[in-house]
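Good morning, and thank you for joining this group meeting.

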Amino acid sequence: MGAQDTDGRHGGEAHAGARAGAGQAGTGAGSRYARVERERRFLLARVPAPGAVTCARLITDRYVDGTRLRLRHVERVDTGECAHKLTQKIPAPPGATGPVQGLITNLYLSGEEYALLLDALPGRELTKTRLSVPPLGVDVFDGRLLGLVLAEAEFETTEDAETFVPPAGCLAEVTDDPRFTGGSLARAERAEVRDWLADYGLLLA
């Protein structure tokens, strides 16, 4: 685990996507620009205490229909600084479990490029506030998913991921549950997510 990226996620490969976008090789096998995404995801019962938060970002994701692409707008709450990127996620093979989620490629965009793609690419949107609570990035969802709190940690190596001890407050691990991926949540209705949480003994307030 290491630096924090523009999305507020913590991990040793936080800036690999930016390097790849500049034309340097990423770390993912089979692609010069993709990198291996290693992460673990956890359900939380509540939002972390304000004193534990080092930074907050407002995130709007659009999962583009019929593709593996995600268009993201990120805005820091304290400074108003914005970042935009187009991401492709290639999932791990069916049946695979564990922290290796597949390959990810990030392309950083200007505000003008983002606006053009936003107009051109239809999809389902997901909005949330990402709280940096090292070593986790904690997503506090709003809209129809208000009440869902999901934490993520990214890792440079599989060994780091497998030996990671979740902090107190992580009630259930959902790393291997595809229902709690961004693409799934963007398409889910509130009643569905309520049922999913009930499988872990949690309530969607």
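Predicted model: local features only at pLDDT ≥ 70, side-chain atom pairs only at ≥ 80, totals over all residues.

Setting aside neighbours within four places in sequence, Leu197 is in contact with Leu43, Leu148, Phe180, Leu202, Leu203 and Leu204, where contact means heavy atoms within 4.5 Å. Residues are numbered from 1 along each chain as its sequence is written, and side-chain values use heavy atoms, with hydrogens and water left out.

Leu197 also belongs to the largest nonpolar core, which has 18 residues; Leu43, Leu148, Phe180, Leu185, Val193 and Leu197 touch the most other members. A nonpolar core here is a set of buried Ala, Val, Leu, Ile, Met, Phe, Trp, Tyr and Cys residues joined through side-chain atoms within 4.5 Å. Buried means under 20% relative accessible area, exposed means over 50%, and partly exposed lies in between, with a 1.4 Å probe and protein chains only. H4 and H5 are the elements that give two or more residues to this core, and H5 provides the largest share, three residues. A second, separate core of 15 residues includes Leu136, Val140, Val149 and Ala161. In general, nonpolar side chains in soluble globular proteins tend to be buried together.

Which ring does Phe180 pair with? Phe180 and Trp196 form an edge-to-face aromatic pair, 6.0 Å centre to centre with 75° between the planes. The rule is that rings of Phe, Tyr and Trp (its six-membered ring) pair if their centres lie within 6.5 Å; planes under 30 degrees apart count as stacked, over 60 as edge-to-face and the rest as tilted. Phe180 sits in the loop between strand E9 (170-173) and helix H4 (182-187), and Trp196 in helix H5 (residues 190-198), 16 residues apart. Phe180 is buried at a relative accessible area of 1%, and Trp196 is buried at 13%. Elsewhere, ring pairs link Phe42, Phe155 and Phe164 into a cluster.

Let me turn to charged residues. There are 17 salt bridges, each a side-chain nitrogen of Lys or Arg within 4 Å of a carboxyl oxygen of Asp or Glu. Asp7 and Lys85 meet in one of them, at 2.9 Å from N to O. Asp7 lies in the segment before helix H1 (16-21) and Lys85 in strand E4 (residues 82-91), so the pair ties together parts that are 78 residues apart in sequence. Asp7 is buried at 2% relative accessibility, and Lys85 is buried at 3%. Another salt bridge joins Arg130 and Asp139, whose closest N and O atoms are 2.7 Å apart; both residues are buried. Salt bridges that share partners join Asp7, Asp61, Arg70, Arg72, Lys85, Lys128, Arg130, Asp139 and Glu152 into one network.

Finally, the chain as a whole. The protein chain has five helices and nine strands; these are DSSP runs numbered from the N terminus, helices (H or I) having at least four residues and strands (E) at least two. Of its 205 residues, 43% count as buried. Among contacts in the chain with a separation of 6 or more, 60% involve residues 24 or more positions apart.
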